[in-house]
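Let's take a walk through this one together.

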Amino acid sequence: VDPAVVRDKVVLIGVAAESVKDHFYTPHSRGLQADQQFPGVAIHAHIVSQLLRIGLNDARPMVTLPRLQATLWILIWSAAGGVLGLWVRSPWQFSLIVAGGAGCLALFAYFAFSSGWWIPLAPAASAWVASAMIVTAYESYRESSQRAALMRLFSRNVSKEVAETIWQRQDEFLDGGRPRTEALTVTALFTDLMGFTAVSEKVGPEALMEWLNEYMGPMAEQVSKHGGVIRQYAGDSIVALFGIPVPRRTETEIAQDAVNAVACALSMEETQRSLNRRWAAQGRPRTGMRVGIFTGPAVAGILGSAERSEYVVVGDTMNTAARLESFDKTLYPPDLAQHPCRIFIGETTWRYCGARFLTERVGNVQLRGKEHSVGVYHVLGWAPNGAAPHCRAEGDHA
């Protein structure tokens with residue numbers, strides 16, 4: 001070789017034979033076929049060429065970010081992915097935004113590369129996608145746990161619509177994952193079976209429990225159907241509340257709760273009438289029921305320990321409704337065949353919904369344990385066409 005051929009040049013000597021296995025893929029390879037590999041000596045030659053062009057000022061070297069700036073760049077995309085996971089709940093929106101963000105990052109890195117800047121693409125894109133997915137998974141788990149805890153409190157006693165409303169309005173209803181203590185205006189409904197003690201003495205334990213379940217099931221269904229929440233079962237009694245757990249903010253909403261409670265009581269009466277007919281045909285004991293309904297303020301919240309807690313509603317409204325149910329059991333005794341349910345409502349409830357029902361005034365009565373008398377009305381049924389209140393004045397009772 002003539003020495004002039006290599007004078008002032010860099011000479012690389014290598015092997016291109018396939019048997020030597022000195023072939024590699026590069027970013028310019030357009031596939032994994034064998035003809036897309038480059039000999040190792042050629043790759044070294046490209047590196048030398050780049051270094052020479054940079055050294056001779058024929059080309060500007062690729063600019064890279066300092067380590068601190070590169071780390072911050074990756075952290076920014078990681079934080080952005082986390083924010084995305086917190087804000088976006090729709091699966092298709094999440095997928096669209098994640099794909100769009102990764103595409104924008106790729107375009108930015110491409111144009112930066114064209115301008116001589118090397119911007120970390122894979123680490124930033126991985127941080128963006130991974131943080132978004134991790135935060136979304138965590139939020140989904142947290143929400144699932146909160147929803148499960150919330151539904152354990154209410155799902156067995158409220159309709160699906162009410163349970164869904166609770167969850168949709170969780171921000172105003174929950175405080176740290178627990179129902180917050182709130183002052184509410186509720187309509188309380190208390191029921192009790194007439195002559196339950198006598199019935200329990202005539203039938204065995206298993207027959208008594210079956211008889212009670214036949215009664216409780218349809219009654220609970222009526223409470224749920226009318227938007228109420230069963231607070232508890234106490235033997236043969238049912239305590240239902242209208243106006244919880246989502247607070248009522250307007251008089252219209254409070255009035256609707258009162259209407260729903262009285263309508264529920266009338267539906268219970270119809271259900272009891274059907275049960276009595278069936279029980280009579282089977283030779284089983286029939287029974288009547290008393291209902292007390294009162295509308296007023298109450299306080300709702302979680303009561304109990306960390307191991308065992310319960311959502312409770314307390315207040316004088318609850319006591320008054322209970323006293324209305326048990327007031328003078330000889331007054332308007334239930335007719336087991338036609339009117340098996342005696343429904344007493346308080347003055348406040350009547351003011352909200354009296355125009356919707358046919359009622360008669362019992363009077364201002366002194367309930368047990370109460371300092372002041374309470375106006376009491378006997379509900380007879382629905383008013384024709386929802387006209388003005390139909391009330392027949394009766395003497396006052398004490």
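Look for Val 5 in the segment before strand 1 (23-24); strands (E, at least two residues) and helices (H or I, at least four) are DSSP runs numbered from the N terminus. This is a predicted model, so local features need pLDDT of at least 70 and side-chain atom pairs count only at pLDDT 80 or more, while totals for chains, interfaces and linings use all residues. Residues are numbered from 1 along each chain as its sequence is written, and side-chain values use heavy atoms, with hydrogens and water left out.

Val 5 is exposed, at a relative accessible area of 51%. Here exposed means over 50%, buried means under 20%, and partly exposed is in between (1.4 Å probe, protein chains only). Together with Val 1, Val 6, Val 11 and Ile 13, Val 5 makes a nonpolar surface patch of about 560 Å². Such a patch takes residues with over 30% relative accessible area and no salt bridge, with nonpolar side chains (Val, Leu, Ile, Met, Phe, Trp, Tyr) joined within 5 Å and like charges within 9 Å. The salt bridge in that rule is a side-chain nitrogen of Lys or Arg within 4 Å of a carboxyl oxygen of Asp or Glu. The areas come from the Shrake-Rupley method with a 1.4 Å probe, and for residues only the protein chains shown count as cover.

Now for the aromatic rings. Rings of Phe, Tyr and Trp (its six-membered ring) pair if their centres lie within 6.5 Å; planes under 30 degrees apart are stacked, over 60 edge-to-face, and the rest tilted. The count comes to ten aromatic pairs by this rule. Trp 77 and Trp 128 make an edge-to-face one, 5.5 Å centre to centre with 85° between the planes. Because Trp 77 sits in helix 2 (residues 67-87) and Trp 128 in helix 4 (residues 122-154), the pair ties together parts 51 residues apart in sequence. Trp 77 is buried at 16%, and Trp 128 is buried at 6%. Another pair, Trp 211 and Trp 279, is tilted: 5.1 Å centre to centre, 40° between the planes.

What about the nonpolar cores? A core is a set of buried Ala, Val, Leu, Ile, Met, Phe, Trp, Tyr and Cys residues joined through side-chain atoms within 4.5 Å. The largest has 37 residues, of which Tyr 215, Ile 293 and Ile 343 touch the most other members. Helix 9 gives this core its largest share, ten residues. A second, separate core of 26 residues includes Leu 184, Leu 324, Phe 327 and Leu 367.
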